[in-house]
Amino acid sequence: MSASPQSEHALGLLRQLLRIRRFEEACVELYSATKIRGFLHLYIGQEAIAAGAMAALEPDDAVVATYREHGHALARGVPASAVMAEMFGRAEGCCRGRGGSMHLFDVSRRLYGGNAIVGGGLPIAVGLALADALQHRPRVTACFFGEGAVAEGEFHESLNLAALWRLPVLFLCENNRYAMGTALERSESETDLALKAASYELPAWPVDGMDVEAVEATVRRAAAMVRGGEGPVFVELRTYRFRAHSMYDPDLYRSKEEIARWRERDPLTTYPALLRERGWLGDDALAALKAEADREIADAIAFAEAGTQEPVADLERFVYAEELPS
Amino acid sequence: MSETTATPTRTTTTYRAALREAIREAMRADERVFLMGEDVGRYGGSFGVSRDLLAEFGPERIRDTPLSESVFVGAGIGAAIGGMRPIVEVMTVNFSLLALDQIVNGAAALPHMSGGQFSIPLVIRMTTGAGRQLAAQHSHSLEHWYAHVPGLKVLTPATIEDARGMLAPALADPNPVLIFEHGSLYNAEGELPDPPPAVPLDGAAVRRAGGDLTIVAWGGSLPKALAAAHTLAGEEIDAEVLDLRALRPLDTTAILASVARTHRAVVVDEAWRTGSFAAEISARVAEDAFYELDAPVERVCSREVPIPYAKHLEDAALPSAERIVAAARRTVGRGG
């Protein structure tokens, strides 16, 4: 096996898939052990989207995500230790324990949350893009949301305004087919989301969200269009979450057969197989990558365990800004 | 000997024009400031506040939006995070309910949720209040809903000086600031010094000093409170009128200091009495000035009804100078 830029890049994508999966598997155990509380929404099954999309974005692009955003934060480069410490509610967490699983922010990486109001992030993404447009900065704001958000007014208001003002927003709709327990066809009269988005006069197309390379390629193409001043673009990423909506969800609304069918397309199985076929990955290399992910997450857990508690005296800190941003 | 005393120039203006001049001044001073909202541009603002600004600043900075309160308020949040200094105009507080999520779950919460990684220097202006026969969907006073929420600042300019002066410090504030313009005040005329004085963002102001009771008011209720005080003066009841100017942060110190002087309080609030901001003020007085009081605190609020259209019904629903006078008489033991 010889390394090439292509194979190195592919292994980088696989590395992201592995560490996101390992992180969340650890979260399940830590939830059972009551180290993590509150709502915990797992991304397991959808990792190819965060891994592929983040690989196609630039460091000064902005990212707005949802409450199912562990993968986005990790793939964007937020250290696993800072994310895990946040899950533990520690002062060392990326939001000093004030956000938790659903609200991961890292302004140094232009990650603006972590919004747990379905559709709530879209207007903010439009505004971030407006600021870039007014200041003539060739940046993209990538806005991730689920297909459930398509039913919210914000979806329609935001696509309309972004298209009307030709703002540099990349709308990335992760269609995992269920808004909590409500299937898309039970909530939408038109289930072709790209068609629906295209009615706002912006380019829109679907892509296989289980194929990390397809995701990266399409986000790269879409981001180039947005950055080039062509206005917003909408991409529907077709995917599936293997786990329940949250730790409280008994998963009664879909069949085991359906879940099993989608699991056959698990990117953590299919992508290593593809890389083997190409001769870019062998058993030893895969084992080494897995061990690397295991180590990183074990270190993150140790970091979170050793973390401190934010002083209660600081409870009301950050409700109001302490200084004017420059 | 002739004497030439330098007197500051004074110009006659209106509350509306004062708001407009404040926007104009802010936009001239800072390229990052822009105004967006429904009909702020070509139409000139639904209440005429932004008339002529489009011609001076152009459509990039005076931005007409679709009727999409949630996205244009949310876009203000995002633009503020992205380094701009947006002024978002929402037509009325009733319409702001369509953007309530962005204001309460977004603007107020995001900075804290992020552990203070960023702030949201955003100004949202909107009309509030009744008195113009606009019926129940254009007339409500809901500024106290926003005053309930930590993370927001809530201003209620009642005078021309505050209409002219509050915007600059609001834009300089790193936090989301909501400015409530009472619809009955837009045509109010008065004089302003030229240049206009700088005003603080918060801190209540005694608009009329008096020793017998304190009338607490803000926004559109201030003229009614002053009219009531004038009537009371004819009955040798000397009312102090305290204009709160801001509901959050609330200048509790000024309220308590005034009550400590007068020992009686009447709170005027155009919102409904149940769950009103008048209830908050009454509670603070009860908590911290209980032994100063010589009479129960009186509240003059709107009747518990969606504000009706017909003039006589609308008038009956709202606080009036007469109702304030009657409440004041009761606190000094001259009521019926």
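In this predicted model, β10(B) pairs with strand β11 of chain B, residues 239-243, through five bridges, and the two run in the parallel sense. One spot to look at along this pairing is B:Thr214, which sits opposite B:Glu240 of β11(B). Both strands belong to an open sheet of five strands in chain B, ordered β9-β11-β10-β13-β14, with mixed pairing. At the edges are β9 and β14 (298-302) of chain B, each of which pairs on one side only. Ignoring direction, neighbouring strands of this sheet are turned by 25° against each other on average.

A helix goes with this sheet. Helix α10 of chain B, made of residues 222-234, lies across β9, β10, β11 and β13 (265-272) of the chain, and its course makes an angle of about 170° to β11(B).

The loop between β9 (205-208) and β10 (213-217) of chain B holds B:Gly210. With 20 other C-beta atoms within 10 Å, B:Gly210 counts as buried, because the cut-off for that label is 20 or more. Setting aside neighbours within four places in sequence, the contacts of B:Gly210 are B:Ala229, B:Asp238, B:Ala239, B:Glu240 and B:Thr262. One of these, B:Ala239, is 29 residues away along the chain, yet its C-alpha atom is separated from that of B:Gly210 by 4.6 Å. Two of the names have come up already: B:Glu240 is the residue opposite B:Thr214, and B:Ala239 falls in the 239-243 stretch of β11.

Elsewhere in chain B, strand β5 (residues 123-128) is worth a look. Six of its six residues are buried, so the strand is largely enclosed by the rest of the structure. From β5(B), B:Val123, B:Arg125 and B:Thr127 point one way, while B:Ile124, B:Met126 and B:Thr128 point the other way, and all are buried. Strand β4 of chain B, residues 85-92, runs parallel to β5(B) and is joined to it by five bridges; here B:Thr92 stands opposite B:Thr127. A further six bridges link β5(B) with strand β7 of chain B, residues 177-182, again in parallel. In that pairing B:Val123 faces B:Val177 of β7(B).

Zooming out, chain B contains 14 helices and 14 strands. A compact globule of 336 residues would have a radius of gyration near 20 Å, and chain B agrees, with 20 Å. Its C-alpha trace spans about 65 × 60 × 45 Å along the principal axes. Buried residues make up 54% of the 336 in chain B. Among contacts in chain B with a separation of 6 or more, 79% are between residues 24 or more positions apart. As for confidence, the average pLDDT of chain B is 96, and 98% of the residues score at least 70.

Then there is the partner chain. The contact draws 38 residues from chain A and 34 residues from chain B. On the chain A side, β3 (111-115), α5 (121-134) and α6 (153-164) each supply at least two of the residues that touch chain B. The largest share, 10 residues, comes from α5(A). By type, this side of chain A divides into 21 nonpolar, nine polar and eight charged residues. For the complex, the predictor gives an ipTM of 0.96 and a pTM of 0.96.

How values were computed
Residues numbered from 1 in each chain as written. Chains lettered and ligands numbered in written order. Predicted model: local features only at pLDDT ≥ 70, side-chain atom pairs only at ≥ 80, totals over all residues. Buried ≥ 20, exposed ≤ 12 C-beta atoms within 10 Å, placed from the backbone. Helix = DSSP H or I, 4+ residues; strand = E, 2+ residues; numbered from the N terminus. Pairing = 2+ DSSP bridges. Rg over C-alpha atoms; globule rule 2.2 N^0.38 Å. Contact = placed C-beta atoms within 7 Å. pLDDT = per-residue confidence, 0-100. Nonpolar A, V, L, I, M, F, W, Y, C, P; charged D, E, K, R; others polar. Axes fitted to C-alpha atoms, helices over the stretch in contact; angles between N-to-C directions.
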